[in-house]
Amino acid sequence: MNIWVDADACPGAIKEVLFRAANRTGILLTLIANQHIRVPQSKNIRMMQVPSGFDVADNEIVKRTEAGDLIITSDLPLAAEVIEKEGLVLSPRGERLTKDNIGPRLNMRDFMETMRASGVNSGGPPAMTKSDVKAFADQLDRLLAKAPKN
């Protein structure tokens, strides 16, 4: 298992949880973004900067994902592509995205985009809380406990 992070919008608190997990488990963690992101020096943690552009980082993640890899993202279209490749997806709020729940979430996303395009202000997601970070860390620990050992 490798862990790939859609890092442009990943909250700092979540990155810190991931850094600790990579060092603790020895699993390779790669943050992919179109801007440089500082990462701790570690043989298990790397940062890959891709060119700016629509979905460039997402496309790089999909290209590199193999079955059983874990992807951290809140981007639903990216999650759907990763799930299709039999990857695991975890949102920064600790929600598992699976083949059973990605379809309805994509439909809701499309509906909300239509509403926003028609002028309805739906606001953004709520601010990240300590309980969100804990939910993420707990779910990450459960997934890593099931990961095959190298």
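Start with H1 and H5: Ala13, Ile14, Val17, Leu18, Ala21, Arg24 and Thr25 of H1 contact Val133, Phe136, Ala137, Leu140, Asp141 and Leu144 of H5 (contact: heavy atoms within 4.5 Å; helices are DSSP runs of H or I, at least four residues, strands of E, at least two, numbered from the N terminus). Ten of these residues are nonpolar, one is polar and two are charged (nonpolar: Ala, Val, Leu, Ile, Met, Phe, Trp, Tyr, Cys and Pro; charged: Asp, Glu, Lys and Arg; polar: the others, Gly among them).

This is a predicted model: local features need pLDDT of at least 70, side-chain atom pairs pLDDT 80 or more, and totals for chains, interfaces and linings use all residues. Numbering runs from 1 along each chain as its sequence is written, and side-chain values use heavy atoms, without hydrogens and water.

Now select 130-146, helix H5. H1 packs on H5 at about 25°, axes 10 Å apart (axes are lines fitted to C-alpha atoms, for helices over the stretch in contact; angles run from 0 to 180 degrees between N-to-C directions).

Next, the sheet. Six strands form an open sheet, ordered E3-E2-E1-E4-E5-E6, with mixed pairing (strands pair if DSSP finds at least two bridges between them). Select 45-49 and 96-97: these are edge strands E3 and E6, each pairing on one side only. Pick Leu31; its bridge partner in E3 is Met47.

Return to 12-25. Helix H1 lies across E1, E2, E3 and E4, at about 150° to E2. Finish on 76-84: helix H3 packs on the sheet, touching E1, E4, E5 and E6, with its direction at about 155° to that of E5.
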